[in-house]
Amino acid sequence: MALFFMKFLLMILTLKLVVMASHDYGDALTKSILFFEGQRSGKLPPNQRVTWRKDSALRDGLEFGVDLVGGYYDAGDNVKFSFPMAFTTTMLSWSVLEFGKDMGSDLPYAMDSIRWATDYLLKATSVPGFVFAQVGEPYADHFCWERPEDMDTPRTPYAVSKQFPGSEVSAEIVAALAASSIVFKPLDRGYSARLLKRARMVFEFADTYRGSYNESLGKWVCPFYCNYSGYEDELIWGAAWLFKATKAAFYWNYITKNINKIENNPAVDYVINSKNNNALQFQHYSGGSFAEFGWDTKNAGINVLISKFVMSGNDSSNMFINNADKFICSVLPESPSVSVSYSPGGLLFKPGGSNMQHSTALSFLLIVYSNYLNQNKRLLHCGNNVVASPSRLLQLAKGQVDYILGSNPLGMSYMVGYGKKFPQRIHHRGSSLPSMANHPEPIGCAKGKPFFQSNNPNPNLLIGAVVGGPDFKDFYADSRLDFVFSEPTTYINAPLVGLLAYFKSHPNS
(Lines give C-alpha, C1' and ligand atoms only; values in the text may rest on other atoms or scores of the structure.)
Protein backbone atom coordinates (compact mmCIF):
# COMPACT_ATOMS: atom_id res chain seq x y z
CA MET A 1 0.00 0.00 0.00
CA ALA A 2 2.85 2.36 0.90
CA LEU A 3 4.56 1.60 -2.42
CA PHE A 4 1.32 2.36 -4.31
CA PHE A 5 0.96 5.66 -2.45
CA MET A 6 4.54 6.68 -3.27
CA LYS A 7 4.02 5.90 -6.96
CA PHE A 8 0.77 7.88 -6.95
CA LEU A 9 2.47 10.84 -5.26
CA LEU A 10 5.29 10.72 -7.79
CA MET A 11 2.76 10.73 -10.64
CA ILE A 12 1.00 13.79 -9.17
CA LEU A 13 4.32 15.63 -8.77
CA THR A 14 5.28 14.75 -12.34
CA LEU A 15 1.95 16.04 -13.68
CA LYS A 16 2.37 19.24 -11.66
CA LEU A 17 5.83 19.76 -13.14
CA VAL A 18 4.47 19.24 -16.67
CA VAL A 19 1.83 21.92 -16.05
CA MET A 20 4.44 24.29 -14.65
CA ALA A 21 6.73 23.65 -17.61
CA SER A 22 4.45 25.27 -20.21
CA HIS A 23 6.45 28.15 -21.60
CA ASP A 24 6.32 30.65 -24.42
CA TYR A 25 9.43 29.51 -26.25
CA GLY A 26 8.85 32.01 -29.04
CA ASP A 27 8.91 34.94 -26.63
CA ALA A 28 12.03 33.55 -24.95
CA LEU A 29 13.69 33.10 -28.37
CA THR A 30 13.03 36.72 -29.33
CA LYS A 31 14.50 37.91 -26.05
CA SER A 32 17.51 35.57 -26.16
CA ILE A 33 18.53 37.12 -29.50
CA LEU A 34 17.77 40.68 -28.36
CA PHE A 35 20.34 40.19 -25.59
CA PHE A 36 23.17 40.35 -28.13
CA GLU A 37 22.23 43.91 -29.07
CA GLY A 38 22.90 44.88 -25.47
CA GLN A 39 26.40 43.39 -25.73
CA ARG A 40 27.41 45.29 -28.85
CA SER A 41 30.59 47.31 -28.94
CA GLY A 42 31.26 50.03 -31.48
CA LYS A 43 29.03 52.28 -33.56
CA LEU A 44 25.45 51.14 -33.04
CA PRO A 45 23.16 50.92 -36.08
CA PRO A 46 19.96 52.95 -36.60
CA ASN A 47 17.82 49.85 -35.98
CA GLN A 48 19.36 49.20 -32.54
CA ARG A 49 16.53 47.94 -30.32
CA VAL A 50 18.30 48.09 -26.94
CA THR A 51 18.09 51.85 -26.88
CA TRP A 52 19.68 52.51 -23.47
CA ARG A 53 22.97 51.34 -24.98
CA LYS A 54 24.96 53.91 -27.03
CA ASP A 55 28.15 53.95 -29.09
CA SER A 56 31.29 52.78 -27.31
CA ALA A 57 34.96 51.93 -27.92
CA LEU A 58 35.07 53.82 -31.22
CA ARG A 59 38.86 54.09 -31.19
CA ASP A 60 39.69 50.41 -30.65
CA GLY A 61 42.88 49.54 -32.53
CA LEU A 62 43.53 53.11 -33.64
CA GLU A 63 46.86 53.43 -31.82
CA PHE A 64 48.15 50.45 -33.81
CA GLY A 65 46.67 51.59 -37.11
CA VAL A 66 44.09 48.76 -37.14
CA ASP A 67 40.31 49.09 -37.13
CA LEU A 68 39.12 46.91 -34.26
CA VAL A 69 35.84 48.70 -33.66
CA GLY A 70 32.81 46.46 -33.16
CA GLY A 71 32.25 42.96 -31.86
CA TYR A 72 30.80 41.96 -28.52
CA TYR A 73 31.61 42.40 -24.87
CA ASP A 74 31.70 38.87 -23.54
CA ALA A 75 29.76 39.35 -20.32
CA GLY A 76 29.25 42.09 -17.74
CA ASP A 77 32.56 43.83 -18.39
CA ASN A 78 33.91 45.93 -21.26
CA VAL A 79 36.70 43.75 -22.67
CA LYS A 80 36.50 42.06 -26.06
CA PHE A 81 37.86 38.51 -25.82
CA SER A 82 38.09 36.87 -29.25
CA PHE A 83 38.14 33.28 -27.95
CA PRO A 84 34.67 33.24 -26.34
CA MET A 85 33.37 35.70 -28.96
CA ALA A 86 34.31 33.30 -31.73
CA PHE A 87 32.75 30.33 -29.91
CA THR A 88 29.59 32.40 -29.43
CA THR A 89 29.57 33.07 -33.18
CA THR A 90 30.08 29.41 -34.03
CA MET A 91 27.16 28.42 -31.80
CA LEU A 92 24.86 31.12 -33.15
CA SER A 93 25.71 29.93 -36.64
CA TRP A 94 25.12 26.28 -35.75
CA SER A 95 21.80 27.29 -34.19
CA VAL A 96 20.71 28.93 -37.44
CA LEU A 97 21.96 26.05 -39.59
CA GLU A 98 20.06 23.45 -37.56
CA PHE A 99 16.99 25.43 -36.48
CA GLY A 100 16.82 28.60 -38.58
CA LYS A 101 13.71 27.21 -40.26
CA ASP A 102 12.02 27.29 -36.84
CA MET A 103 12.92 30.90 -36.03
CA GLY A 104 10.30 32.66 -38.14
CA SER A 105 10.50 36.45 -37.85
CA ASP A 106 13.47 36.14 -35.46
CA LEU A 107 15.75 34.69 -38.14
CA PRO A 108 16.89 38.05 -39.58
CA TYR A 109 17.80 39.22 -36.08
CA ALA A 110 19.71 36.00 -35.43
CA MET A 111 21.66 36.54 -38.63
CA ASP A 112 22.31 40.17 -37.64
CA SER A 113 23.76 38.90 -34.36
CA ILE A 114 26.11 36.64 -36.28
CA ARG A 115 27.15 39.33 -38.74
CA TRP A 116 27.92 41.79 -35.95
CA ALA A 117 30.50 39.27 -34.74
CA THR A 118 31.85 38.14 -38.12
CA ASP A 119 32.40 41.72 -39.27
CA TYR A 120 34.62 42.14 -36.22
CA LEU A 121 36.38 38.78 -36.64
CA LEU A 122 37.25 39.77 -40.21
CA LYS A 123 38.87 42.91 -38.79
CA ALA A 124 40.68 40.88 -36.12
CA THR A 125 42.26 38.71 -38.84
CA SER A 126 42.87 41.43 -41.43
CA VAL A 127 46.62 41.86 -40.80
CA PRO A 128 48.59 38.95 -42.34
CA GLY A 129 50.50 36.98 -39.73
CA PHE A 130 48.48 38.36 -36.80
CA VAL A 131 45.23 37.47 -35.07
CA PHE A 132 43.89 39.92 -32.53
CA ALA A 133 42.87 37.95 -29.47
CA GLN A 134 41.72 40.71 -27.16
CA VAL A 135 41.01 44.42 -26.88
CA GLY A 136 41.13 46.01 -23.45
CA GLU A 137 43.33 45.71 -20.39
CA PRO A 138 41.30 43.27 -18.27
CA TYR A 139 42.68 44.00 -14.82
CA ALA A 140 42.11 47.73 -15.18
CA ASP A 141 38.66 47.09 -16.65
CA HIS A 142 37.61 44.76 -13.87
CA PHE A 143 38.87 47.19 -11.24
CA CYS A 144 36.44 49.82 -12.53
CA TRP A 145 32.66 49.80 -12.68
CA GLU A 146 31.97 51.91 -15.77
CA ARG A 147 29.48 52.03 -18.59
CA PRO A 148 31.05 50.99 -21.91
CA GLU A 149 30.13 54.45 -23.21
CA ASP A 150 32.32 56.05 -20.50
CA MET A 151 35.24 53.69 -20.13
CA ASP A 152 38.62 55.35 -19.88
CA THR A 153 40.72 52.28 -19.10
CA PRO A 154 43.40 51.25 -21.65
CA ARG A 155 42.01 49.71 -24.83
CA THR A 156 45.21 47.87 -25.62
CA PRO A 157 44.93 45.32 -28.46
CA TYR A 158 46.67 41.97 -27.92
CA ALA A 159 47.55 39.75 -30.88
CA VAL A 160 49.06 36.34 -31.53
CA SER A 161 51.56 35.92 -34.34
CA LYS A 162 54.07 33.55 -35.94
CA GLN A 163 56.56 34.23 -33.15
CA PHE A 164 53.92 34.26 -30.41
CA PRO A 165 51.28 31.76 -31.56
CA GLY A 166 47.75 31.19 -30.34
CA SER A 167 46.32 28.23 -32.19
CA GLU A 168 43.24 27.85 -29.98
CA VAL A 169 41.92 31.39 -30.44
CA SER A 170 42.85 31.41 -34.13
CA ALA A 171 41.22 28.05 -34.84
CA GLU A 172 38.03 28.99 -32.97
CA ILE A 173 37.83 32.03 -35.23
CA VAL A 174 38.22 29.61 -38.16
CA ALA A 175 35.21 27.63 -36.90
CA ALA A 176 33.16 30.82 -36.53
CA LEU A 177 34.03 32.11 -40.00
CA ALA A 178 33.48 28.75 -41.70
CA ALA A 179 30.16 28.08 -39.94
CA SER A 180 28.87 31.57 -40.64
CA SER A 181 29.91 31.30 -44.30
CA ILE A 182 27.35 28.50 -44.63
CA VAL A 183 24.70 30.64 -42.94
CA PHE A 184 25.17 33.55 -45.33
CA LYS A 185 25.68 31.57 -48.54
CA PRO A 186 22.00 31.53 -49.61
CA LEU A 187 21.56 35.29 -49.08
CA ASP A 188 24.95 36.93 -49.65
CA ARG A 189 27.31 34.75 -51.65
CA GLY A 190 30.00 37.42 -51.80
CA TYR A 191 30.12 37.86 -48.03
CA SER A 192 29.98 34.09 -47.56
CA ALA A 193 32.94 33.60 -49.90
CA ARG A 194 34.90 36.27 -48.04
CA LEU A 195 34.27 34.54 -44.72
CA LEU A 196 35.28 31.15 -46.10
CA LYS A 197 38.44 32.47 -47.75
CA ARG A 198 39.51 34.09 -44.49
CA ALA A 199 38.71 30.91 -42.56
CA ARG A 200 41.02 28.90 -44.82
CA MET A 201 43.82 31.44 -44.42
CA VAL A 202 43.53 31.61 -40.65
CA PHE A 203 43.41 27.81 -40.41
CA GLU A 204 46.71 27.55 -42.26
CA PHE A 205 48.17 30.16 -39.91
CA ALA A 206 46.86 28.41 -36.77
CA ASP A 207 48.09 24.99 -37.87
CA THR A 208 51.47 26.10 -39.21
CA TYR A 209 52.43 28.21 -36.20
CA ARG A 210 51.26 26.00 -33.38
CA GLY A 211 51.18 27.04 -29.77
CA SER A 212 48.87 28.19 -27.02
CA TYR A 213 48.08 31.81 -26.34
CA ASN A 214 48.50 30.90 -22.66
CA GLU A 215 52.22 31.18 -23.34
CA SER A 216 52.19 34.28 -25.52
CA LEU A 217 49.39 36.29 -23.89
CA GLY A 218 48.89 34.49 -20.59
CA LYS A 219 49.56 37.60 -18.55
CA TRP A 220 46.44 39.19 -20.04
CA VAL A 221 44.11 36.35 -21.09
CA CYS A 222 44.53 34.36 -17.87
CA PRO A 223 42.72 33.67 -15.67
CA PHE A 224 39.77 35.11 -17.61
CA TYR A 225 39.86 32.92 -20.72
CA CYS A 226 42.90 30.75 -20.20
CA ASN A 227 42.89 27.60 -22.32
CA TYR A 228 43.05 24.48 -20.15
CA SER A 229 42.42 21.75 -22.71
CA GLY A 230 45.15 22.38 -25.27
CA TYR A 231 44.72 23.81 -28.75
CA GLU A 232 44.42 20.55 -30.71
CA ASP A 233 40.66 20.38 -30.19
CA GLU A 234 40.18 23.84 -31.70
CA LEU A 235 42.27 22.91 -34.74
CA ILE A 236 40.10 19.84 -35.37
CA TRP A 237 36.92 21.82 -34.62
CA GLY A 238 37.99 24.43 -37.17
CA ALA A 239 38.79 21.72 -39.71
CA ALA A 240 35.40 20.10 -39.08
CA TRP A 241 33.57 23.32 -39.91
CA LEU A 242 35.77 23.87 -42.95
CA PHE A 243 34.90 20.37 -44.10
CA LYS A 244 31.20 21.09 -43.61
CA ALA A 245 31.57 24.31 -45.59
CA THR A 246 33.75 22.94 -48.42
CA LYS A 247 33.54 19.12 -48.42
CA ALA A 248 37.26 19.25 -49.24
CA ALA A 249 39.09 15.96 -48.61
CA PHE A 250 42.02 17.84 -47.10
CA TYR A 251 40.00 18.81 -44.04
CA TRP A 252 38.45 15.37 -43.61
CA ASN A 253 41.89 13.79 -43.75
CA TYR A 254 43.15 16.33 -41.24
CA ILE A 255 40.35 15.43 -38.83
CA THR A 256 40.83 11.67 -39.04
CA LYS A 257 44.60 11.97 -38.80
CA ASN A 258 44.53 14.14 -35.68
CA ILE A 259 41.41 13.09 -33.76
CA ASN A 260 43.27 10.58 -31.59
CA LYS A 261 45.41 13.39 -30.23
CA ILE A 262 42.44 14.79 -28.36
CA GLU A 263 40.34 11.68 -27.71
CA ASN A 264 43.19 10.13 -25.77
CA ASN A 265 43.68 13.20 -23.61
CA PRO A 266 43.17 12.71 -19.88
CA ALA A 267 40.36 14.37 -18.01
CA VAL A 268 40.67 18.11 -17.73
CA ASP A 269 41.16 20.39 -14.78
CA TYR A 270 38.48 23.03 -14.56
CA VAL A 271 39.07 26.43 -13.11
CA ILE A 272 36.82 28.81 -11.29
CA ASN A 273 38.28 32.24 -11.80
CA SER A 274 37.56 35.28 -9.74
CA LYS A 275 37.54 38.59 -11.53
CA ASN A 276 37.81 40.37 -8.23
CA ASN A 277 40.86 38.77 -6.66
CA ASN A 278 42.27 36.66 -9.51
CA ALA A 279 42.30 33.57 -7.30
CA LEU A 280 42.37 30.21 -9.06
CA GLN A 281 40.58 27.19 -7.68
CA PHE A 282 41.17 23.90 -9.49
CA GLN A 283 38.84 20.93 -9.56
CA HIS A 284 39.50 17.63 -11.32
CA TYR A 285 36.70 16.31 -13.49
CA SER A 286 36.65 12.63 -14.41
CA GLY A 287 34.17 12.66 -17.27
CA GLY A 288 36.85 12.29 -19.92
CA SER A 289 37.54 14.54 -22.86
CA PHE A 290 34.74 13.03 -24.99
CA ALA A 291 32.24 14.51 -22.54
CA GLU A 292 33.44 18.13 -22.77
CA PHE A 293 32.00 21.01 -24.74
CA GLY A 294 32.19 24.77 -24.25
CA TRP A 295 34.30 27.78 -25.17
CA ASP A 296 37.44 25.99 -23.95
CA THR A 297 36.94 22.35 -24.97
CA LYS A 298 35.32 21.20 -28.22
CA ASN A 299 35.52 17.39 -28.09
CA ALA A 300 31.84 16.50 -27.74
CA GLY A 301 30.89 19.12 -30.32
CA ILE A 302 33.37 17.68 -32.82
CA ASN A 303 31.98 14.17 -32.42
CA VAL A 304 28.34 15.26 -32.72
CA LEU A 305 29.06 17.47 -35.74
CA ILE A 306 31.09 14.84 -37.58
CA SER A 307 28.74 11.99 -36.65
CA LYS A 308 26.21 13.34 -39.15
CA PHE A 309 28.61 12.73 -42.03
CA VAL A 310 29.53 9.28 -40.72
CA MET A 311 25.89 8.28 -40.22
CA SER A 312 25.17 9.45 -43.76
CA GLY A 313 27.71 6.99 -45.07
CA ASN A 314 30.50 9.37 -46.00
CA ASP A 315 33.02 7.27 -44.11
CA SER A 316 33.18 3.77 -42.64
CA SER A 317 34.79 4.98 -39.41
CA ASN A 318 32.58 4.92 -36.34
CA MET A 319 34.94 6.54 -33.81
CA PHE A 320 32.92 9.74 -33.93
CA ILE A 321 29.62 7.95 -33.36
CA ASN A 322 31.06 5.91 -30.50
CA ASN A 323 32.39 9.00 -28.78
CA ALA A 324 29.19 10.94 -29.40
CA ASP A 325 27.24 8.02 -27.90
CA LYS A 326 29.57 8.00 -24.88
CA PHE A 327 28.97 11.72 -24.44
CA ILE A 328 25.20 11.20 -24.43
CA CYS A 329 25.51 8.45 -21.83
CA SER A 330 27.69 10.71 -19.69
CA VAL A 331 24.86 13.26 -19.49
CA LEU A 332 21.84 10.97 -19.14
CA PRO A 333 21.00 10.85 -15.41
CA GLU A 334 19.83 7.21 -15.48
CA SER A 335 22.96 6.04 -17.32
CA PRO A 336 25.50 3.94 -15.39
CA SER A 337 28.25 6.10 -16.93
CA VAL A 338 26.73 9.49 -16.05
CA SER A 339 29.48 11.93 -15.13
CA VAL A 340 27.56 15.18 -14.61
CA SER A 341 25.50 16.09 -11.56
CA TYR A 342 21.95 17.33 -11.25
CA SER A 343 20.56 19.66 -8.60
CA PRO A 344 17.50 18.53 -6.61
CA GLY A 345 15.42 20.65 -8.99
CA GLY A 346 16.97 19.00 -12.06
CA LEU A 347 19.57 21.51 -13.34
CA LEU A 348 22.64 19.96 -14.93
CA PHE A 349 25.86 20.84 -13.13
CA LYS A 350 29.55 20.57 -13.96
CA PRO A 351 32.56 21.96 -12.09
CA GLY A 352 33.49 25.55 -12.86
CA GLY A 353 31.74 28.89 -12.78
CA SER A 354 28.80 30.26 -14.75
CA ASN A 355 27.05 26.90 -14.72
CA MET A 356 24.28 27.77 -17.19
CA GLN A 357 26.88 27.62 -19.96
CA HIS A 358 27.06 23.86 -19.41
CA SER A 359 23.31 23.42 -19.32
CA THR A 360 22.74 25.28 -22.60
CA ALA A 361 25.76 23.97 -24.54
CA LEU A 362 25.24 20.30 -23.64
CA SER A 363 21.48 20.53 -24.15
CA PHE A 364 22.09 21.96 -27.61
CA LEU A 365 24.17 18.90 -28.48
CA LEU A 366 21.42 16.65 -27.12
CA ILE A 367 18.77 17.98 -29.50
CA VAL A 368 21.13 18.07 -32.48
CA TYR A 369 22.19 14.47 -31.87
CA SER A 370 18.57 13.47 -31.27
CA ASN A 371 17.71 14.74 -34.74
CA TYR A 372 20.66 12.86 -36.26
CA LEU A 373 19.56 9.66 -34.52
CA ASN A 374 16.00 10.14 -35.77
CA GLN A 375 17.12 10.75 -39.32
CA ASN A 376 19.14 7.53 -39.28
CA LYS A 377 16.66 5.48 -37.19
CA ARG A 378 19.25 4.80 -34.48
CA LEU A 379 18.98 4.09 -30.78
CA LEU A 380 21.95 4.08 -28.45
CA HIS A 381 22.48 1.93 -25.37
CA CYS A 382 24.19 3.11 -22.20
CA GLY A 383 24.40 -0.22 -20.34
CA ASN A 384 22.19 -1.75 -17.65
CA ASN A 385 19.35 -1.84 -20.20
CA VAL A 386 19.33 1.97 -20.41
CA VAL A 387 18.22 3.05 -23.89
CA ALA A 388 18.79 6.64 -24.94
CA SER A 389 16.10 7.21 -27.54
CA PRO A 390 15.86 10.45 -29.53
CA SER A 391 12.73 11.37 -27.57
CA ARG A 392 14.56 10.87 -24.26
CA LEU A 393 17.32 13.26 -25.36
CA LEU A 394 14.72 15.86 -26.27
CA GLN A 395 13.00 15.38 -22.93
CA LEU A 396 16.25 15.94 -21.05
CA ALA A 397 17.13 19.05 -23.08
CA LYS A 398 13.64 20.46 -22.68
CA GLY A 399 13.87 19.97 -18.93
CA GLN A 400 16.98 22.16 -18.88
CA VAL A 401 15.32 24.88 -20.98
CA ASP A 402 12.21 24.80 -18.81
CA TYR A 403 14.31 25.07 -15.67
CA ILE A 404 15.98 28.19 -17.08
CA LEU A 405 12.60 29.69 -17.94
CA GLY A 406 11.06 29.13 -14.53
CA SER A 407 10.18 25.47 -13.92
CA ASN A 408 12.42 25.21 -10.88
CA PRO A 409 12.09 25.17 -7.08
CA LEU A 410 12.24 28.98 -6.86
CA GLY A 411 9.67 29.43 -9.62
CA MET A 412 11.86 32.09 -11.21
CA SER A 413 13.15 32.59 -14.71
CA TYR A 414 16.89 32.99 -15.08
CA MET A 415 16.34 35.02 -18.26
CA VAL A 416 15.99 38.75 -17.65
CA GLY A 417 12.61 40.01 -18.85
CA TYR A 418 11.02 36.58 -19.25
CA GLY A 419 8.22 35.67 -16.86
CA LYS A 420 7.03 37.51 -13.78
CA LYS A 421 10.05 36.72 -11.61
CA PHE A 422 13.59 37.05 -12.92
CA PRO A 423 17.01 38.36 -11.76
CA GLN A 424 16.99 42.07 -10.92
CA ARG A 425 20.62 42.67 -9.94
CA ILE A 426 22.70 41.07 -12.64
CA HIS A 427 26.47 41.54 -12.65
CA HIS A 428 26.62 43.84 -15.68
CA ARG A 429 28.08 47.33 -15.83
CA GLY A 430 25.83 48.85 -18.47
CA SER A 431 22.67 47.39 -16.99
CA SER A 432 23.44 48.43 -13.41
CA LEU A 433 24.52 52.04 -14.07
CA PRO A 434 22.18 54.89 -15.08
CA SER A 435 21.65 55.11 -18.83
CA MET A 436 23.21 57.86 -20.92
CA ALA A 437 19.74 59.34 -21.44
CA ASN A 438 19.15 59.65 -17.70
CA HIS A 439 22.71 60.54 -16.73
CA PRO A 440 24.58 62.08 -19.68
CA GLU A 441 27.57 63.11 -17.53
CA PRO A 442 30.42 60.55 -17.41
CA ILE A 443 30.50 58.15 -14.47
CA GLY A 444 34.17 57.51 -13.72
CA CYS A 445 35.90 54.38 -12.51
CA ALA A 446 35.44 54.87 -8.76
CA LYS A 447 32.11 56.69 -9.06
CA GLY A 448 30.50 53.52 -10.36
CA LYS A 449 31.30 51.49 -7.24
CA PRO A 450 28.22 52.62 -5.25
CA PHE A 451 26.01 51.35 -8.08
CA PHE A 452 27.87 48.03 -8.04
CA GLN A 453 27.43 47.66 -4.29
CA SER A 454 23.82 48.84 -4.21
CA ASN A 455 20.96 46.48 -3.41
CA ASN A 456 18.69 48.35 -5.80
CA PRO A 457 17.51 46.58 -8.96
CA ASN A 458 19.41 47.40 -12.14
CA PRO A 459 17.88 50.48 -13.81
CA ASN A 460 18.31 49.10 -17.35
CA LEU A 461 16.83 45.71 -18.21
CA LEU A 462 19.19 43.65 -20.35
CA ILE A 463 16.31 41.74 -21.89
CA GLY A 464 17.12 38.13 -22.74
CA ALA A 465 20.28 37.89 -20.65
CA VAL A 466 20.64 34.50 -18.95
CA VAL A 467 22.70 34.63 -15.76
CA GLY A 468 25.16 32.04 -14.44
CA GLY A 469 22.33 30.50 -12.45
CA PRO A 470 21.61 29.08 -9.00
CA ASP A 471 23.90 27.04 -6.80
CA PHE A 472 23.78 23.24 -6.62
CA LYS A 473 20.94 23.40 -4.09
CA ASP A 474 18.81 25.50 -6.48
CA PHE A 475 19.34 28.66 -4.43
CA TYR A 476 19.84 32.04 -6.10
CA ALA A 477 20.74 35.13 -4.07
CA ASP A 478 20.21 37.69 -6.87
CA SER A 479 23.33 39.58 -5.85
CA ARG A 480 25.36 41.71 -8.24
CA LEU A 481 28.46 40.87 -6.21
CA ASP A 482 28.15 37.10 -6.82
CA PHE A 483 29.29 37.25 -10.44
CA VAL A 484 29.64 33.46 -10.78
CA PHE A 485 25.85 33.26 -10.39
CA SER A 486 24.58 36.65 -11.55
CA GLU A 487 26.71 37.46 -14.62
CA PRO A 488 25.32 36.81 -18.11
CA THR A 489 27.60 35.76 -20.96
CA THR A 490 27.22 35.56 -24.73
CA TYR A 491 28.18 31.87 -24.74
CA ILE A 492 25.32 31.00 -22.37
CA ASN A 493 22.81 32.52 -24.79
CA ALA A 494 24.25 31.38 -28.11
CA PRO A 495 23.31 27.67 -27.86
CA LEU A 496 20.08 28.60 -26.10
CA VAL A 497 18.98 30.39 -29.28
CA GLY A 498 18.97 27.06 -31.09
CA LEU A 499 17.23 25.27 -28.25
CA LEU A 500 14.45 27.83 -28.05
CA ALA A 501 13.96 27.84 -31.81
CA TYR A 502 13.50 24.07 -31.78
CA PHE A 503 11.04 24.03 -28.89
CA LYS A 504 9.14 26.98 -30.35
CA SER A 505 8.25 24.68 -33.26
CA HIS A 506 8.11 21.46 -31.21
CA PRO A 507 6.59 22.56 -27.87
CA ASN A 508 5.27 19.08 -27.09
CA SER A 509 8.55 17.22 -27.64
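Which residues does F293 touch, not counting residues up to four places away in sequence? In this predicted model, local features require pLDDT of at least 70 and side-chain atom pairs pLDDT 80 or more, whereas totals for chains, interfaces and linings use all residues. Residues are numbered from 1 along each chain as its sequence is written, and side-chain values use heavy atoms, with hydrogens and water left out.

With contact defined as heavy atoms within 4.5 Å, F293 touches F87, M91, W94, W237, K298, A300, G301, A361, L362 and L365. F293, W94 and Y369 touch the most other members of the largest nonpolar core, which holds 151 residues. Such a core is a set of buried Ala, Val, Leu, Ile, Met, Phe, Trp, Tyr and Cys residues joined through side-chain atoms within 4.5 Å; buried denotes under 20% relative accessible area with a 1.4 Å probe, protein chains only. Of the 509 residues in the protein, 61% are buried.

The protein contains 18 helices and nine strands, assigned as DSSP runs (H or I, at least four residues, for helices; E, at least two, for strands) and numbered from the N terminus. The axes of α3 (residues 82–99) and α18 (residues 490–505) come within 8 Å and cross at roughly 5°, the axes being lines fitted to C-alpha atoms over the stretch in contact, with angles from 0 to 180 degrees between N-to-C directions. The two helices, α3 and α18, are therefore roughly parallel, a term for angles under 35 degrees. Their contacting residues include F87 and M91 in α3 and Y491 and Y502 in α18.

Helix α14 is largely enclosed by the rest of the structure, because 13 of its 16 residues are buried. G406, with a positive phi near 135°, follows α14.

Terms used: Buried means under 20% relative accessible area, exposed over 50%, partly exposed in between (1.4 Å probe, protein chains only). Angles under 35 degrees count as roughly parallel, over 145 as roughly antiparallel, 65 to 115 as roughly perpendicular and the rest as oblique.
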